[in-house]
Amino acid sequence: MTQQVPSVSVNYAANGSSTKSNELGMREMQEGAYEKRGEQYLLIKSPPASGKSRALMFIALDKLHNQGLRQAIVVVPEKSIGSSFNDEPLSKYGFWADWTVQPRWNLCNAPGGDDGKVGAVGKFLASDDKILVCTHATFRFAVDKFGIEAFDDRLIAVDEFHHVSANPDNKLGTHLGALVARDKVHLVAMTGSYFRGDAEAVLSPEDEAKFDTFTYTYYQQLNGYKYLKTLDIGYFFYSGSYADDILKVLDPTEKTILHIPNVNSRESTKDKHREVEHIIDALGDWQGADPITGFQLVKTPDERVLRIADLVDDEPSKRDKVSAALKDSTQKNNRDHVDIIIALGMAKEGFDWIWCEHALTVGYRASLTEIVQIIGRATRDAEGKTRARFTNLIAEPDAAAEAVTEAVNDTLKAIAASLLMEQVLAPRFNFTPKTVKSGPVEGFDYGEGGYDPNKENVGFDEASGQFQIEIKGLVEPKSKEAKRICQEDLNEVITAFVQDKTTIERGLFDEELVPEELTQVRMGKIVGARFPELDAEDQEAVRQHAVAALNLTQKAKEIALSNRDDTETTGNTALIDGVRKFAMDVRELDIDLIDRINPFGEAYSILAKTMSEESLRQVQAVISAKKVQLSPDEARDLAKRAVKFKQERGRLPSITSPDPWEKKMAEGVAYLARMKQEAANG
């Protein structure tokens, strides 16, 4: 049996702005990045397929011609991505120079291992040539061999920057830290992920603070496409073998990339070839392989012949033939070239198939970065393609299996990934405190009746994909770093929060939970640990902004899902209307109200509708078996909140209060008092 979790459906205007070019041949995202070309350290965060490679070409050429830099070195994670930086006749589209890489200096195309390529980097540094392309590994070895100083007065551009980490074991991260410390190079870092480094920071906070950030959101990109209007994110739970249920989620009429599970994962049958055969058999009758492309030909019951690219087959001659056919540039715009791609560990980052409508992934993926990259395969704009979707097929916990806990963990992680992707795909939030001086911001539409000076307002600017939201009692960030985090990195904070196991377990399954325990105490603790350099007021500002962004998206999703049958509100503004409706339905949009929302409430209601009752009971049993007792740290956090409560109300929280949050703060104070008493009594 396969159960579908209703997908979040984010709809976009498809106004064509992100695909139009200006007089220099730059698309909207490239133009925005180029405006920051004078920055010594620049971080570009922009979705897959938004044109980052070309944006870098424009910036690098300006640095070489107008900013006095001697050379540009482009560093990519793997050889296949080096082709993104092949020659481009930019002047043909209006720019003042062309991007030209001499064949000998595109080391991604050069034969041989890293040893010979490291020597080539040395020769390039000694030459008068301007541009070199190499892999992260080659660059690491070159820095080891020639030293940091050898790269002075050059541009180092790191593509797919999320591969780097501040962990001392990550050599590339260490080298970049040393380059920043020496301060003699320009660095441009680019990533298509909004969760840089996932669990680990990419750079140390001190280094990161030196970077200027240019962010182009998924919302801006998809809103500005010409054809693609809707992106769905769905989760399906299945029992038994996934291969038996695959056709319940795999529609043979949709162009699909199917990522089968890693052979070491719980979902795998441990025989990847048999799984592919099973899938092909379920789709129809095998007709043989195309001799030119190597694609499997399968006749469906409705007499269509599907062309299936099998990238799972290990036999080099077969896989190389299929891989080459998929990369055939003459077929790039041919929708009928291939119908389904079955992959294992391939067809992710840097893989370009504009016709892909469905990215179907079996088994939970541990890295959010990987999920963003997989979704990015389906979010290309192509004529006639109006809808795209990402589906994650996940095994339900099985009462008889020993791996119940592992299955529960995967379920929780999938929900966390879902919440984060909703955040990434939604418009951007700008929060401001509501004061007597507040007024409308130019360019924002405040809905029917316009701006109301007597209440908190929600404005939306469709062109930039941004909300302007007034919240009563909101703390504003004071320092430059806190402002940067609130503007650029709220998703990083939300990632840490929803990936925190205790947080998500309690948010979903603790019936006695007081939401403020999560939104104030847990989120406060996560912000404090992540940004220890911020003072208490700035930490509180970041906490409030992150909770507001997460909870407003969740309330908007709840309203959008409840109005699914109402075609008016599910036009291309369902999420926007949801945020506005929530703001209108409450008496006051204040921070206390936002803190009182359980961020996981809507995720639980979806789970309850879709997972079998027995599995849901099991998940609850596994989690409630490890009931969390109050820890000294949490008691201290509650006591700090109690002090704030006393400053505002003139009294300490009461343990007999009917308000559960006040009662919880009082419990924290009592717990600390008990600890002190016990310590005094020895």
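Modeller: Before we start, helices (H or I, at least four residues) and strands (E, at least two) are DSSP runs, numbered from the N terminus. This is a predicted model, where local features need pLDDT of at least 70, side-chain atom pairs count only at pLDDT 80 or more, and totals for chains, interfaces and linings use all residues. Residues are numbered from 1 along each chain as its sequence is written, and side-chain values use heavy atoms, with hydrogens and water left out.

Biologist: Thanks! Where does Glu-470 lie?

Modeller: Glu-470 lies in strand 18, residues 466-471.

Biologist: And is Glu-470 buried or exposed?

Modeller: Glu-470 has 5% relative accessibility, so it counts as buried. Buried means under 20% relative accessible area, exposed over 50%, and partly exposed in between (1.4 Å probe, protein chains only).

Biologist: Which side chain does the side chain of Glu-470 make a polar contact with?

Modeller: That of Lys-434, at 3.2 Å. A polar contact is a pair of N or O atoms within 3.5 Å; within protein, one must be able to donate a hydrogen and the other to accept it, and residues adjacent in sequence count only if both atoms are side-chain atoms.

Biologist: New topic: where does Pro-427 lie?

Modeller: Pro-427 is in the loop between helix 12 (404-425) and strand 16 (428-433). Pro-427 counts as buried because its relative accessibility is 3%.

Biologist: How far apart are Pro-427 and Gln-466 in space?

Modeller: They are 5.4 Å apart, C-alpha to C-alpha, and 39 residues apart in sequence.

Biologist: What is Pro-427 in contact with, leaving aside neighbours within four places in sequence?

Modeller: Tyr-219, Phe-460, Gly-465, Phe-467, Leu-575 and Ile-576, where contact means heavy atoms within 4.5 Å.
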